[in-house]
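Subject: Structure handover and findings

Dear colleague,

Please find the structure below, together with its sequence. My notes on it follow.

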Amino acid sequence: MTNVLITPQAFTYLSSDTIKSLFGDSYTLHFTGGQVKSSSDLIDYLQDMDACLIGSEIINESILQNTPKLKFLSRFGVGYDSLNTKDLNKFKVQASIVQNINNEAVARHCLSLLLGITNNIITQNTTLSRSIWDKGLNISPEHTTVGLIGMGPVAKEFAKMCKFLGFNVVYFSRTKKEVPYIYFNTIESLIKNSNIISLHLKCTSETTNIIDTFYLDLMKGKYLINTARGKLINETYLYKLLCEKVILGAGLDVFTYEPSVKISSQMRNLPNVISTCHMAAYDSYSILQVATQAINNIKYFFDNKLDKINTLVTNV
């Protein structure tokens, strides 16, 4: 039998019968019920595991050198900045991600954050809960430009939604795409020509902290949405500008520290921040679709059908 550890909280929303049927009879499943926060606890969990269907836990040399039986990691999602691929290759542990499954779900969450900002949902909910009847102006799409940094699959879906509602949509990408939106070839020019900026980049060594103090200063009088990765932004400086209301507000599904502690925890308590806990794709349909593919990736690996895996990120 192949022992598999399953850590994502999303699996608590699926029935045990569904999960077992997706795996089949050749696998013994072990559940943590959610993210394992301690490295030492994760090492203990992985001691006798052949594979792990993993969430946002950090995997590096200190983990791998203490888990000699581990052969394969299947990420529940598209991002893999929590996996040190150099260390994985060194210890000959393969890893996969799931791409192009939950693009629409994440785009819908982007839209909900956008409308939460433009329609004063959080502000109104807070004031009315205190019996304060105080109307404020909503932000009309007809006079608002949404600037997308990155034009991948999620951004394309989000752009369609924005355009349908009457927002003007512009974008930055390393290369111009075949999409019906105005293209800017620098992040600086995009920010200057946008009212609301939404991030849609992968988190790599090149993009970590890409939205630095210079770009954040350019967002004076603007709004920021991030459903990509928290580490794309200098979060300490973002917090400062939000506190001072230099940046008017933000809709954040992701943070530098998850679960949110340190500066991330302070960020979520600001009155001009709408925050959710990295759950943009947490609907029953999307969870099942991603889970199915992540499970199939494990089965393909142990069946030696590597060409069917979606998508290997290691080169062991």
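In these notes, buried means under 20% relative accessible area, exposed means over 50%, and partly exposed lies in between, with a 1.4 Å probe and protein chains only. The helices (H or I, at least four residues) and strands (E, at least two) are DSSP runs, numbered from the N terminus.

This is a predicted model, in which local features need pLDDT of at least 70 and side-chain atom pairs count only at pLDDT 80 or more, while totals for chains, interfaces and linings use all residues. Residues are numbered from 1 along each chain as its sequence is written, and side-chain values use heavy atoms, with hydrogens and water left out.

Strands

In a regular strand the side chains alternate between the two faces of the sheet. Strand β9 (residues 196-199) has Ile 196 and Ser 198 pointing one way and Ile 197 and Leu 199 the other, and all are buried. Two strands are said to pair if DSSP finds at least two bridges between them. Strand β6 (residues 145-149) pairs with β9 in the parallel sense over 4 bridges, and Val 146 has Ile 196 in β9 as its bridge partner. β9 also pairs with strand β10 (residues 223-226), again in the parallel sense and over 4 bridges; here the bridge partner of Ile 196 is Tyr 223.

Strand β4 (residues 72-75) is likewise covered on both faces: Phe 72 and Ser 74 on one side and Leu 73 and Arg 75 on the other are all buried. Strand β3 (residues 51-54) pairs with β4 in the parallel sense over 4 bridges, with Leu 53 opposite Ser 74. β4 and β5 run parallel and are joined by 3 bridges, and the partner of Ser 74 in β5 is Ser 96.

Helix α12 and the segment after it

Which residues does Asn 297 touch, not counting those up to four places away in sequence? With contact taken as heavy atoms within 4.5 Å, they are Phe 72, Ser 74, Ser 96, Ile 97, Val 98, Ile 309, Asn 310 and Thr 311. Asn 297 is found in helix α12 (residues 284-302), and Asn 297 counts as buried because its relative accessibility is 0%. A polar atom of the Asn 297 side chain lies 2.6 Å from the backbone oxygen of Asn 310. For reference, a polar contact is a pair of N or O atoms within 3.5 Å; within protein, one must be able to donate a hydrogen and the other to accept it, and residues adjacent in sequence count only if both atoms are side-chain atoms.

Leu 288 is also placed in helix α12 and, at 30% relative accessibility, counts as partly exposed. Leaving aside neighbours within four places in sequence, Leu 288 is in contact with Leu 14, Thr 18 and Leu 22. Leu 288 and Leu 14 are 274 residues apart along the chain, yet their C-alpha atoms are separated by 7.5 Å.

Backbone geometry

Most residues other than glycine have a negative phi, and most peptide bonds are trans. The peptide bond from Glu 258 to Pro 259 is cis, with omega near -10°; Pro 259 is in the loop between β11 (249-252) and α11 (262-268). A cis peptide bond also joins Asn 310 and Thr 311, with omega about 0°, and Thr 311 is found in the segment after α12.

Two residues other than glycine have a positive phi to report. Asn 100 has phi near 60°; this residue is in the loop between β5 (94-96) and α5 (103-118) and is exposed at 54% relative accessibility. His 278 has a phi of about 50°; its place is in the loop between β12 (273-275) and α12, and it is partly exposed, with a relative accessible area of 26%.

Met 1 lies in the segment before β1 (2-6) and counts as exposed at 67% relative accessibility. Apart from neighbours within four places in sequence, Met 1 is in contact with Asp 25, Ser 26, Tyr 27, Thr 28 and Asp 50. The C-alpha atoms of Met 1 and Met 279, which are 278 residues apart along the chain, are separated by 33 Å.

Yours sincerely
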